[in-house]
Amino acid sequence: MSMRELIAALEQRRAEAKKMGGAARLARQKERGKLDARARIDLLLDPGSFREIGLLATHLGKPDTDPPTPADGVVCGTGQIDARPVCVAAYDFTVHGGSIGVVGERKVARLRELALRERVPMIWLIDSAGARLSADPDEAAWISSFADTGYLFREQVVMSGVVPQVAAMVGPGAAGTAYIPGLADFVPMVKGTSSIAIGGPYLVKSVVGEDVTEEALGGSKVHTEISGVADLECADDPACIAAIREYLSFFPSRAGEKPPRRASSDPASRRDEELLDVIPESTRQAYDVRKVIARIVDEGKSFELKPKWARNIVTALARIDGYSVGIVANNPMYYGGVLDVNSADKAARFVNLCDAFEIPLVFLQDVPGFMVGTKVEKEGIIRHGAKMLYAVSSATVPKLTVVLRKGYGAGYYVMNGRAYEPDLIVAWPGAEISVMGAEGMVAIAANKLLAQAEDPEALKKQLADAVRPHIDIQRTAALGFVDDVIDPRETRPLLAHYLRLTEHKKIERPFRKREISPV
């Protein structure tokens, strides 16, 4: 055959491969409210930037399978998002349920190799039944090589903190594909069509005898509200893909680089009058700290991670004067902002993420401390609180702290108190920093006296009023333990100033082979 004939045959084979699992399976995918793998990639990447690898791959390398297995069920390649290169693997549910085949995994391994070597983000679009199983004795023979698998997860660990890793759940992810999101940095899930589980419903039924649906086992509600495995619940595939693009916009492409600074029409000097009325006069009255965040960040926009899990703390990406920042804020609207097992884990994970990719941290403190009692002790509150303490202590990015209303006990420490190397620590008028609130101190220190009093409540108030001036922020400022007490309207301009000041911050730690962090 001439070269022209060979090219014509090649183009025919490539065109057939791009049809994925065929018209009928693509129609079923659409009926379920799901985009196909190639449509997802088209939405994710800048137009015309995708370059595919492994298009001609097939199941076990067989040239003509029935039914066909184009790309062996996973579309792989490189492209650009906002003109920055990325690697992407999109599992194709129309081919063997998007299951992981030997050749398909070889393609994704190649992609992981490129992502690590070229130092570019790795993105998985997961719509997969997990490992590929077959009742055919000839095809099942590959199971003998299971002992030579598992490289995927070790390589994800090696990539962790080197390049951003995104695992978007746009369909099911069972067994092998469940640990991809478990190790990724950002995990958005599509409501109603996605799931994550170590074993699917059939395996659960056979092992533990439990009848459960895919949604109840590991749907988006489970993992965004209860387990905390996922970061965001999205309405549909386009919303999920838009979230990936927005998330990556806050990050550099690799460790050791600064996040891109984005021009903003919102003046860094803006003073928001509404900040004067956000904090209620009564210290016992709740408020939503997201109202504070919206008034100090560029255009009032933030990108919250895990918004429906551990809601007593807010972790959000935003920009101030165009700089990417990670915001950690106690939220008194939920449990008074007290820290518990889940909120400590949530904050620790977020601090580590921002520190890995040079994103400055802004702490907004209004914390009564850690939860106490037998329930949280049995849950391991000390161990989980230590994770947050460890993460904040270890972080070397710029760290800016604003005490909005109170910073009590170890809650003050883990929210980047003075001992934790803040590049700025300021407070709003009326704030308090103390081992605990005045009433709590009196209840403990004067418990015998109160028990003998004719009017314990009146005495408690009298003693608390005597203690309160010693924990008022004016006293703390007089001792030089905070940098300043500021007008709330100065918060944004001051944070912008310190983000510029700390742009080239450098901290060196003592040599060690590795950390021994709490688990």
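Tutor: Let us begin with the largest pocket, whose lining takes at least two residues from each of α6 (151-159), α7 (179-183), α13 and α15 (381-394); helices here are DSSP runs of H or I with at least four residues. The largest share of that lining, nine residues, comes from α13. The model is predicted, so to speak of local features requires pLDDT of at least 70 and side-chain atom pairs count only at pLDDT 80 or more, while totals for chains, interfaces and linings use all residues. Residues are numbered from 1 along each chain as its sequence is written, and side-chain values use heavy atoms, with hydrogens and water left out.

Student: Which residues lie nearest the centre of the largest pocket, and how many line it?

Tutor: A348, R349, N352, L353 and E515 lie nearest the centre, among 48 lining residues. The volume is about 1,600 Å³.

Student: Why is the pair of F251 and F357 called edge-to-face?

Tutor: Ring centres must lie within 6.5 Å to pair, and planes under 30 degrees apart count as stacked, over 60 as edge-to-face and the rest as tilted. For F251 and F357 the centres are 5.7 Å apart and the planes form an angle of 75°, so the pair meets the edge-to-face definition.

Student: What makes this pair a tie between parts of the chain?

Tutor: F251 lies in the loop between α11 (237-249) and α12 (290-296), and F357 in the loop between α13 and β12 (361-367), so the pair ties together parts that are 106 residues apart in sequence. Both F251 and F357 also belong to one aromatic cluster with F186, Y247, F250 and F303.

Student: What makes the pair of Y412 and Y413 tilted?

Tutor: The centres of Y412 and Y413 are 6.2 Å apart, with 55° between the planes; the pair is therefore neither stacked nor edge-to-face, but tilted.

Student: Is Y412 buried or exposed?

Tutor: Y412 has a relative accessible area of 12%, and buried means under 20%, exposed over 50% and partly exposed in between, with a 1.4 Å probe and protein chains only. Y412 is therefore buried. Y413, at 42%, counts as partly exposed.

Student: How do you know that R319 lies over the face of F250?

Tutor: The definition asks for NZ of Lys or CZ of Arg within 6 Å of the ring centre and within 35 degrees of the ring normal. R319 is at 4.1 Å from the ring centre of F250 and lies over its face. K34 likewise lies over the face of F93, at 4.4 Å from the ring centre.

Key. Phe/Tyr/Trp six-rings, centres within 6.5 Å; stacked < 30°, edge-to-face > 60°. 1 Å grid on protein atoms, 1.4 Å probe; cavity = no way out; pocket = protein on both sides within 12 Å on 5 of 7 lines; lining within 4 Å. Points joined across faces, edges and corners; volume = space filled by probe spheres on them.
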